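Let's take a friendly tour of a protein and the two molecules it holds. Have the sequence and the 3D view ready as you read.

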Amino acid sequence: MEPRKTLIITGGAGFIGSHLVRLMVEKYPDYHIINLDKLTYAGNLANLKDVQDRPNYTFIKADICDFDVVKEILVSNHVDGIIHLAAESHVDRSIKDPFLFARTNVMGTLSLLQAAREYWEPQGWEDKRFHHVSTDEVYGALEISRPEGDPAGNERGGGPYGDDFFTETTRYSPHSPYSAAKASSDHFVRAYHDTYGMPVVVTNCSNNYGPYQFPEKLIPLFINNIIHRKPLPVYGRGENVRDWLYVEDHARAIDLVFHEGVSGETYNIGGFNEWKNIDLVRLLVKTTDRLLGRSEGADEDLITYVTDRKGHDLRYAIDSTKLKEELGWQPSLQFEEGIEKTVRWYLDNQEWLQGVTSGDYLKYYAEMYNGL
Ligand code: NAD
Ligand code: TYD
């Protein structure tokens with residue numbers, strides 16, 4: 001039987017990509033889902049063990065920057081949709097190696113766009129779609145007007161730390177090499193829509209958390225450190241505010257926008273869930289201690305204030321009203337519930353954490369793919 005649709009998900013072996021691949025493989029048995037991933041340090045096929053043998057799933061190891069290879073994959077598989085997540089995603093790494101971020105996030109996106117254009121344009125754009133997955137960090141940073149936070153902020157139509165939000169029309173103002181590269185890739189995607197008529201949608205999401213996140217990002221890093229009673233390096237005074245969303249809610253939103261979003265449009269995704277870093281760290285300590293049977297909060301003495309990140313964005317807060325009103329999406333989990341589920345997952349999957357922190361899976365790839 002011919003599949004109804006053939007989709008490429010780039011970066012499907014990463015954190016968000018693996019949740020999206022799982023969702024799509026399970027929800028659409030008549031689609032062919034191709035996971036195209038280079039398997040950098042952040043890509044881990046162990047994230048997809050439960051779906052790797054499904055008949056509607058294929059993994060292809062490739063680099064999105066490799067234009068000829070990508071085009072050949074599109075043509076030979078008759079691909080009609082792309083959901084693009086492959087990227088370098090960690091701000092601290094981007095500060096150390098901005099060129100890598102320009103290569104992957106900007107040139108990689110451009111290579112994918114051009115390959116899709118060369119394959120799709122001669123056939124006509126009908127039934128084709130390029131969904132670009134981006135971040136709220138492209139909008140820059142917001143001020144904190146209520147440093148103590150006001151829990152009633154959300155009910156008043158603002159946030160606990162300030163009344164302003166990023167909306168789909170907020171001017172781009174990226175500060176880190178990561179967000180600058182993502183911003184540039186967003187512009188290229190929109191340029192392909194405006195110039196060539198490519199059917200595209202763009203989503204800009206807030207900070208994600210949940211299972212399978214690489215433990216260089218705040219939440220899994222700190223859970224791992226609490227388990228092993230290692231210091232918790234809080235940047236600056238821990239006053240920065242982030243807006244957190246459970247990763248499966250993000251994957252559901254991508255599915256919805258990919259299928260029902262209007263071509264050429266942008267949709268912000270977020271849970272109206274702002275947390276000051278230090279409060280989040282205290283919640284993580286309490287939850288992890290409790291689930292480990294330790295005295296709740298005992299590990300707070302691991303909190304260590306360290307030199308602030310360069311150019312550290314103060315506050316992110318995203319307005320996802322458009323997605324809710326136009327497509328009916330809502331986050332499914334309360335934050336405390338999501339954090340409890342997440343901490344429990346890392347505690348139950350310490351082998352995964354151990355494998356990732358030791359880099360063992362990279363050795364496994366080196367053998368499997370002959371060092372490629
Ligand atoms: P991740 O770092 O966990 O995964 C990235 C994946 O991309 C990895 O599997 C990696 O192997 C792959 N990859 C990297 N370079 C590649 C290349 N040149 N060719 C092919 N594959 C390559 O990232 P994530 O946190 O899952 O983020 C996925 C996407 O979502 C990114 O585009 C990111 O900007 C965006 N995003 C992330 C968040 C977040 O909180 N993590 C929030 C909003 C948007
Ligand atoms: P991170 O998970 O790197 O996401 P992003 O920088 O994309 O928001 O960081 C989340 C917040 O936590 C951010 O304000 C930086 C801060 N942070 C620390 O204080 N210490 C750490 O070790 C890390 C990784 C992050």
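## About the model

This is a predicted model, where local features need pLDDT of at least 70, side-chain atom pairs count only at pLDDT 80 or more, and totals for chains, interfaces and linings use all residues. Residues are numbered from 1 along each chain as its sequence is written, chains are lettered from A and ligands numbered from 1 in the order written, and side-chain values use heavy atoms, with hydrogens and water left out.

## A strand tucked inside

Start with strand β2, residues 31–37. (Strands are DSSP runs of E, at least two residues, and helices are runs of H or I, at least four, numbered from the N terminus.) In β2, 7 of the 7 residues are buried, so the strand is largely enclosed by the rest of the structure. Buried means under 20% relative accessible area, using a 1.4 Å probe and protein chains only. Y31, I33, N35 and D37 cover one side, while H32, I34 and L36 sit on the other.

Who are its partners? β1 (residues 5–10) pairs with β2 in the parallel sense over 6 bridges, and T6 stands opposite H32. To count as a pair, two strands need at least two DSSP bridges between them. Between β1 and β2 the chain passes through helix α1 (residues 15–27), making a right-handed β-α-β crossover; right-handed means that, with the strands pointing away from you, the path from the first strand over the helix to the second runs clockwise. β3 (residues 57–61) also pairs with β2 in the parallel sense, over 5 bridges, with I33 opposite Y57.

## Around ligand 1

Ligand 1 is surrounded by 28 residues, and the closest are I16, D37, S89, Y178 and K182. (A residue is near if one of its heavy atoms lies within 4 Å.) For polar contacts, look for pairs of N or O atoms within 3.5 Å: the side chain of S89 has one 2.6 Å from a ligand oxygen, and a polar backbone atom of I64 is 3.0 Å from a ligand nitrogen. The protein buries 97% of the 840 Å² that ligand 1 exposes when taken alone, with areas from the Shrake-Rupley method and a 1.4 Å probe.

## Around ligand 2

Which residues come nearest to ligand 2? Of the 18 around it, they are E137, P233, R242, R309 and H312.

Notes. Buried < 20%, exposed > 50% of the residue type's maximum accessible area, 1.4 Å probe, protein only. Polar contact = N/O pair within 3.5 Å; in protein donor to acceptor, adjacent residues only side chain to side chain.
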